[in-house]
Amino acid sequence: MATETQLSGPDLAAGIDANSIERGQKLLGHAGGEPVLLVRLGDDFTAIGATCTHYGGPLAEGAIVGDTVRCPWHHACFSLRTGEALAAPALSPVACWRVERRGDRVIVGDKVERDPLAPTYPVERRAPASLRNVVIVGAGAAGTAAAEMLRRCGFDGSLVVVDDDADAPYDRPNLSKDYLAGNAPEEWIPLRPAGFHQEHRIDIVRGRAARIDVQGRRLEIDGRDALPFDALLLATGAEPVHLNLPGEESAPVHYLRTLADSRRIIDAAKRSKHAVVIGGSFIGLETAASLLARGVDVHVVAPESVPLERVMGRELGDFIRTLHEEKGVHFHLGRKPARLEPDAVVLDDNTRLPADLVVIGVGVRPRLALAEQAGLAIDRGVVVNERLETSVAGIYAAGDIARWRDPHTGDRIRVEHWVVAERMGQAAARNILGANERFDDVPFFWSAHYDVSINYVGHAERWDATVVDGDAAKHDVAVRFDAAGKPLALATIFRDDQSLAFEVAMESEES
């Protein structure tokens, strides 16, 4: 939905005193009716668009790191010199303006626009001559980001993305958040406008990838000719865990993973008064909030005593439960569904919950069938090296299926988060082209509950101490998760500066 841009700060086109900005500092102003971020890098001045191209975050409130700026909302990173989107979740650059120094005055001049996939990304070596065909399986976060990065790096060979989801690629995080709640129209959901992929010669093939012919270097697709590849990226993602409860076949049950799933839940919600969400996962609780926003009475059933305690700890778990209860969600914790009926969910203590809509969100599992068929090394995911290459040369894996070594802890981890998947896809693409770079990005995700967004930096599967600063009930808190005195992760509510600083600190430790 378009809104009128509110301009603030000085008119940079009229010029400002160069000495009014210290080195490494930024200034929000405007030029030509658009918000502009002016930054002083040493004795140089750069000017870029002040609004993040992901969800519109205010870059003036972000962090300057070297010659980049990071968005405070979801940690996208942009070059201050070129506007290039250097790190997801932003995929498009921000605009740049020419800056002129006239004596003690700095004047922002003409705006410089360019194609979002213009081949300007800094990769030391371009593709070897033998690399002509790249195939990507999966048009989700990792696959789409990889395809775009290949073009941004100048790869001009055949590029095919295979996916059996008729709607992909789209903004999957929104499916359980604003879109499901009715706050975001469907035209916001596609990652790119119609015709974008054709324009950039990214061929999206609709079909199920059935088999990898490793020796023949071909991908077999149901009902279609096999695709030859010189490099293959597996980004098959994950699929919901199905409970197969007694009575499920005759109950109004839904799982949420795809845009089609979200559409069906929205349609069902229009006719529903009572919904039961089975599972206290992020997806489950975000779905509960969204259904409540649509006027449906919502009950959540989960086996744990504190929602999300395993990921967020008790302090934030208790806060999340209280937040949902204050909005009207009813919790049945420490309980499991015993069976489903056409109009109810019966729990293991024989409690009967009326339900004309049931959503099951108890987690996902990686889609590994294709990798297993190909004989790739598997360990609760597809094992990859630091360059995201699998046990077979020329075949890479990224996103929810990939299991890699966390440089911060040394443990092998698999992370099921959108931003991580996008960044892995981008790194895999650069390595396909010979960049030989280590994937060492610090994991990041966010989870939205009503008007509260929780940002999480790092990765902590186990911890022995939490350090709480602030008060979650006041929507102002940071919770750090430590193991053996070492910080592993930080969860924050409305502490963007602290979240960004923690990310930068972890990167410094890994470098």
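1. The loop between β8 (85–87) and β9 (96–102) holds P89. In this predicted model, a cis peptide bond joins A88 to P89, with omega at about 20 degrees. A further cis bond links A168 and P169, where omega is about 5 degrees. P169 belongs to the loop between β12 (158–163) and α2.

2. N244, which is not a glycine, has a positive phi, near 50 degrees. The residue is found in the loop between β18 (238–240) and β19 (253–255). L388 also has a positive phi, of about 70 degrees, although it is not a glycine. Its place is the loop between β28 (382–383) and β29 (395–397).

3. Are N244 and L388 buried or exposed? N244 has a relative accessible area of 60%, and because exposed means over 50%, N244 counts as exposed. L388 has a relative accessible area of 0% and is therefore buried.

4. The largest nonpolar core has 109 residues, and I212, L234 and L291 touch the most other members. Helix α8 (residues 418–432) gives the most to this core, namely eight residues. A second, separate core has 16 residues, among them C52, A76, A85 and A90. As general background, nonpolar side chains tend to be buried together in soluble globular proteins.

5. Which residues does L234 contact, once its neighbours within four places in sequence are set aside? The contacts of L234 are V137, I212, L370, A371, L376, I395, Y396, A397, A398 and I401.

6. The count of aromatic pairs comes to six. W404 and F439 form an edge-to-face pair, with 5.5 Å from centre to centre and 75 degrees between the planes. W404 lies in strand β30 (residues 402–405), whereas F439 lies in the loop between α8 and β32 (444–449), so this pair ties together parts that are 35 residues apart in sequence. Both W404 and F439 are buried. One aromatic cluster is formed by F282, F445, Y456, W463 and F481.

7. The second largest pocket contains about 1,300 Å³ of space. Its lining has 44 residues, and those closest to the centre of the pocket are H54, Y55, H74, N174 and D178. Two or more lining residues come from each of α2 (178–181), α5 (282–293), α8, β32, β33 (452–458) and β36 (486–493). Of these elements, α5 gives the most, with four residues. By class, the lining of this pocket has 22 nonpolar, 13 polar and nine charged residues.

8. How many cavities of 30 Å³ or more does a search of the whole structure find? The search finds two. About 30 Å³ of space lies in the second largest cavity, which is lined by A139, T144, A147, V161, H197, I202 and I204. Five residues of this lining are nonpolar and two are polar, with no charged residues.

9. R263 is part of helix α4 (residues 259–269). Its relative accessibility is 30%, so R263 counts as partly exposed. Apart from neighbours within four places in sequence, R263 is in contact with D167, Y179 and E186. R263 and L180 are 83 residues apart in sequence, while their C-alpha atoms are 8.0 Å apart in space.

Definitions and conventions: Residues are numbered from 1 along each chain as its sequence is written. This is a predicted model: local features need pLDDT of at least 70, side-chain atom pairs count only at pLDDT 80 or more; totals for chains, interfaces and linings use all residues. Side-chain values use heavy atoms; hydrogens and water are left out. A nonpolar core is a set of buried Ala, Val, Leu, Ile, Met, Phe, Trp, Tyr and Cys residues joined through side-chain atoms within 4.5 Å. Buried means under 20% relative accessible area, exposed over 50%, partly exposed in between (1.4 Å probe, protein chains only). Contact means heavy atoms within 4.5 Å. On a 1 Å grid over the protein atoms alone, a cavity is a set of points where a 1.4 Å probe fits but cannot get out, and a pocket is an open set with protein on both sides within 12 Å along at least five of seven lines; lining residues have an atom within 4 Å of a point. Grid points are joined across faces, edges and corners, and a volume is the space filled by probe spheres set on the points. Ala, Val, Leu, Ile, Met, Phe, Trp, Tyr, Cys and Pro count as nonpolar, Asp, Glu, Lys and Arg as charged, and the others, Gly among them, as polar. Rings of Phe, Tyr and Trp (its six-membered ring) pair if their centres lie within 6.5 Å; planes under 30 degrees apart count as stacked, over 60 as edge-to-face and the rest as tilted.
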